[in-house]
Amino acid sequence: MSRLLVVEDDETIGSVLESSLRLHGYQISWQRTGRGALIEAEHGEFDLVLLDLGLPDLDGVEVCRRLRAALPSTVLVILTARQDEMDVVVGLEAGADDYLTKPVRLGELLARVRAHLRRGTTHTPSKPPIEVGRLTVDTAGRRVCLDGREISLRAKEFDLLARLAEQPGVAVSRDTLMSEVWDEHWYGSTKTLDVHIAALRRKLTDSAESPEAAPRISTLRGHGYRLERPSV
């Protein structure tokens, strides 16, 4: 049974989330404050977190950042009324894997939860590591190395890089990346893709001997992204 941590201070919304998720077979811990969520994260393991940003005691983005550090392999989904693009960017850069805005239809939320958990448990057939120049992507071991040094990536960052590395030099559309890395029924903003690409570029650059030596992910305006083949 999957364990979910729901962080929501609104009694009505929290009650609906708790009862609906329990009805669909999930084990739920409902916390109404940021501090309560952080304490719960210290003492338990969770498959997915639903996090409201408007908490009464702590800043929700800071809670997101600390939950990400405490639960590095857990799917973290922000569920908030904040709809500005900058809020989305800040939330994703704080470590969230997904960002949903209220009001959200319960059916859509449940579908999104199922999709995240399904991807987390999908068995990946053993494949040989993919090598793109000095970059090695081991999908079976879920490890990425550059010049032999391992790079720490979040789950979605790894999935995104692995998808691009499958076809180096080939343009991959935004729709394809959203469908194959996030959810085949994705609905809403694809800003999360841009934020994850930015994080990937930053980590690849930080891990390279020099910025020029980092693997390059090109933006194709109006289409998507491409992991460039090394020139030598």
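In this predicted model, the buried residues of helix α6 are Lys-156, Glu-157, Phe-158, Leu-160, Leu-161, Ala-162, Arg-163, Leu-164 and Ala-165. Helix α6 is thus mostly covered, with 9 of its 12 residues buried. The helix covers residues 155-166, and at 1.5 Å a residue its 12 residues should span 16 Å; the C-alpha atoms at its ends lie 17 Å apart, which agrees with that expectation.

**The antiparallel sheet**

A sheet of 4 strands is open and has the order β6-β7-β8-β9, with antiparallel pairing. Its edge strands are β6 and β9 (149-151), each of which pairs on one side only. From one strand to the next, the twist averages 25 degrees. Helix α6 packs on this sheet and touches β6, β7 and β8, its direction making about 110 degrees with that of β7. Helix α8 also packs on the sheet, where it touches β7, β8 and β9; the direction of α8 makes about 160 degrees with that of β9.

Strand β6 (residues 130-132) is joined to β7 by 3 bridges, and the two run antiparallel. Within this pairing, Val-132 has Leu-135 of β7 as its bridge partner. The hairpin of β6 and β7 has 2 residues between the strands, and Gly-133 takes a positive phi near 65 degrees there.

Strand β7 also pairs with β8 (residues 143-146), in the antiparallel sense and over 4 bridges. Leu-135 stands opposite Leu-146 in β8. These two strands form a hairpin with 4 residues between them, and Arg-142 in the turn has a positive phi of about 50 degrees.

In a regular strand the side chains alternate between the two faces of the sheet.

**The parallel sheet**

Another open sheet is formed by 5 strands in the order β2-β1-β3-β4-β5, and here the pairing is parallel. Strands β2 (27-31) and β5 (98-101) stand at its edges with a single partner strand each, so one side of each is left without a neighbour in the sheet. The twist of this sheet averages 20 degrees from one strand to the next.

Within the sheet, strand β3 (residues 48-51) and strand β4 (residues 75-80) run parallel and are joined by 4 bridges. Leu-50 has Val-77 as its bridge partner in β4. Helix α3 (residues 60-70) packs on the sheet, where it touches β1 (3-7), β3 and β4; the direction of α3 makes about 170 degrees with that of β3. Helix α4 (residues 85-93) lies across β4 and β5 and runs at about 145 degrees to β5.

**Contacts between helices**

| Helix pair | Angle between axes | Axis distance |
|---|---|---|
| α2 (residues 34-43) and α3 | roughly 5 degrees | within 10 Å |
| α7 (residues 174-182) and α8 (residues 191-207) | about 85 degrees | 10 Å apart |

What is the orientation of α2 relative to α3? Their axes cross at roughly 5 degrees, and the two helices are therefore roughly parallel to each other. In this contact, Gly-34, Ala-37, Leu-38 and Ala-41 of α2 meet Val-63, Arg-66, Leu-67 and Ala-70 of α3. The residues concerned divide into 6 nonpolar, 1 polar and 1 charged.

The angle of about 85 degrees between α7 and α8 makes α7 roughly perpendicular to α8. On the α7 side the contact is made by Arg-174, Leu-177, Met-178 and Trp-182, and on the α8 side by Thr-192, Leu-193, Asp-194 and His-196. By type, the residues of this contact comprise 4 nonpolar, 2 polar and 2 charged.

Conventions:
Residues numbered from 1 in each chain as written. Predicted model: local features only at pLDDT ≥ 70, side-chain atom pairs only at ≥ 80, totals over all residues. Heavy atoms only, no water. Pairing = 2+ DSSP bridges. Axes fitted to C-alpha atoms, helices over the stretch in contact; angles between N-to-C directions. Contact = heavy atoms within 4.5 Å. Parallel < 35°, antiparallel > 145°, perpendicular 65-115°, else oblique. Nonpolar A, V, L, I, M, F, W, Y, C, P; charged D, E, K, R; others polar. Expected span 1.5 Å × (residues − 1). Buried < 20%, exposed > 50% of the residue type's maximum accessible area, 1.4 Å probe, protein only.
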